[in-house]
Amino acid sequence: MAVLSEKLVAQPAWILADGAAYRDILTPDALAFLAHLHRCAEPKRQALLKARRQRQARYDAGALPDFRPDTQAIRESDWLVAPIPAALQDRRVEITGPVERKMIINALNSGAKVFMADFEDSSAPSFANQLDGQRNLRDAVNGTLEYRSPEGKEYRVGANPAVLVVRPRGWHLPERHVTVDGETMAGALVDFGLYAFHNAHALHKRELGPYFYLPKLEAMEEAALWDEVMALAEDELGLPLGTMKATVLIETLPAVFQMHEILHALRGRAVGLNCGRWDYIFSYLKTLRGHRDRLLPERGQVVMTVPFLKSYSELLIQTCHRRGAFAMGGMAAQIPIKGDDDANDKALAKVRADKLREVQAGHDGTWVAHPALVPVAMDIFDRHMPTPNQLHVLRDDVSADRDALIAPCGGTISRAGFDNNVEVALRYTAAWLEGMGCVPIHNLMEDAATAEIARAQLWQWLHHGSLEFPDHAPIDFALFDHALAAHTHRLQQSELPGARRAADAAELLTALTHADQLGDFLTLPAYAQLA
Ligand SMILES: CC(=O)SCCNC(=O)CCNC(=O)[C@H](O)C(C)(C)COP(=O)(O)OP(=O)(O)OC[C@H]1O[C@@H](n2cnc3c(N)ncnc32)[C@H](O)[C@@H]1OP(=O)(O)O
Ligand SMILES: O=CC(=O)O
Ligand SMILES: [Mg+2]
């Protein structure tokens, strides 16, 4: 059986929330199920993480990512993914958000076709957050999800809720509170396993899943491990093989070269791929961290129309539609702006333009970060996509080769862009350490993926040396240290999310930014400091 870490067992009060322990979620049978998943998957997961490190070592030594010669037959032969269930035939607008009780209700009631309940980029994975999320989702599936705000506002799920799709953590993150045979479990398996264990039968009975979004995959073997884990879970839970469906985020640079292969590995259950643009940009930075000719300009200039991102999204559409799978778009970072109509209009216009680009390119649906953006995106997709999806748009015109997918991106680094990265990296990390996985900063949605871009860019700009602002002032560590100290002080004096953990976040960012090598994930060292 999986066991809770000794600390939790010794201090059961630590896992209490609202006066109740999580005995309803961490039942003996659920823990036994987790242990079974762990024992079957852990050796392979470790081997896959090792393969990631080996691949990255080759890129650091000068190699560039490319299509795999050993899988050419998969790319070139004819095959399709299994038929897509009725509940997922029309995914034109999907809302995403953390697994917080009120937000789940708001998301389910938002009018979106799908709600992606997120244990990942928008969640700070404290054990309490993850377990509260499991309980909230179980209640949503059982039809008992309700919430009363401190102000007395009542929330309950209405008619025609969005279809639930759950995103567990990526393969790289541990869940240190659960061990099996003395080994720490993968966060991915804890999130997936608990959700499947508690909800699979109820969802299957209503032909509503379980459905999953799979994040941050880098290779077809990682998709194959998910397929194996899902098949194992189906077998253990007595569900027909292929009941669980998966949409895979293509949000790493290595994965874009294996999109056919990833769909193939999951072909009995894959329903689509998604352009996870923010992690994709982060992955471009990380994968090519040793390549000075491929530094990126400030984040505001790395938009979906720059060549390497345009090629990625178009190739994703072509790949998916060739295989009978959906090509989902991604997330514009703009959110509604309160109290400034002009600024709000401009933000919404940016969202509209992004959704128009997606639907015209052939995407079958898109993501929004906020309920007020559902009608905005819906309007664009309704007008330009009269059919439930665009599987018939084959995009045979697209010919994105290796060079197009890794094309350098021109642009500049302004003082404001540099300073914004320092501020976002600091404020997001500090909020994350306080348990918030998604926060608005300067009217943009910031989550783990966007914060990774901010801190990875700072590392890249500082370590490749001799970079300048347009006025020729040097970009150097003294500037970073000064900006970080100023923002830390400002945050500490404020009442903003993160104010209490500003110093811890600053220490972490100092270490990550000054380190000789760009760290793999901000959230790995930060997790050690998360309650
Ligand atoms: C890169 C990626 O991975 S993208 C996917 C991960 N990111 C996300 O999922 C983004 C989710 N979005 C959010 O967390 C929020 O919208 C934020 C943090 C960006 C902004 O939050 P706020 O500033 O609190 O929003 P705001 O105050 O305008 O919220 C208004 C109402 O909408 C609700 N709301 C806002 N966003 C969402 C959402 N995504 N889902 C459900 N409800 C939401 C709020 O709970 C609030 O409800 P209430 O009126 O009943 O109290
Ligand atoms: O998960 C989505 C992304 O853009 O990253
Ligand atoms: Mg992501």
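Mentor: By class, the shell around ligand 2 has four nonpolar, two polar and four charged residues; here Ala, Val, Leu, Ile, Met, Phe, Trp, Tyr, Cys and Pro count as nonpolar, Asp, Glu, Lys and Arg as charged, and the others, Gly among them, as polar. Keep in mind that this is a predicted model, where local features need pLDDT of at least 70, side-chain atom pairs count only at pLDDT 80 or more, and totals for chains, interfaces and linings use all residues. Residues are numbered from 1 along each chain as its sequence is written, while chains are lettered from A and ligands numbered from 1 in the order in which they are written.

By name, the shell holds D121, L249, E251, G276, R277, W278, D279, G330, M331 and A449 (C-beta atom, placed from the backbone, within 6 Å of the ligand).

Now for the domains, which come from an automatic or database assignment: domain 1 is 10–404 and domain 2 is 415–527. Their contact takes 30 residues from domain 1 and 27 residues from domain 2, counting C-beta atoms, placed from the backbone, within 7 Å. Helix 10 (277–287) turns up here too, along with helix 12 (341–361), and helix 10 gives the most to domain 1's side, with six residues.

Definitions and conventions:
Two residues are in contact if their C-beta atoms, placed from the backbone, lie within 7 Å. Helices (H or I, at least four residues) and strands (E, at least two) are DSSP runs, numbered from the N terminus.
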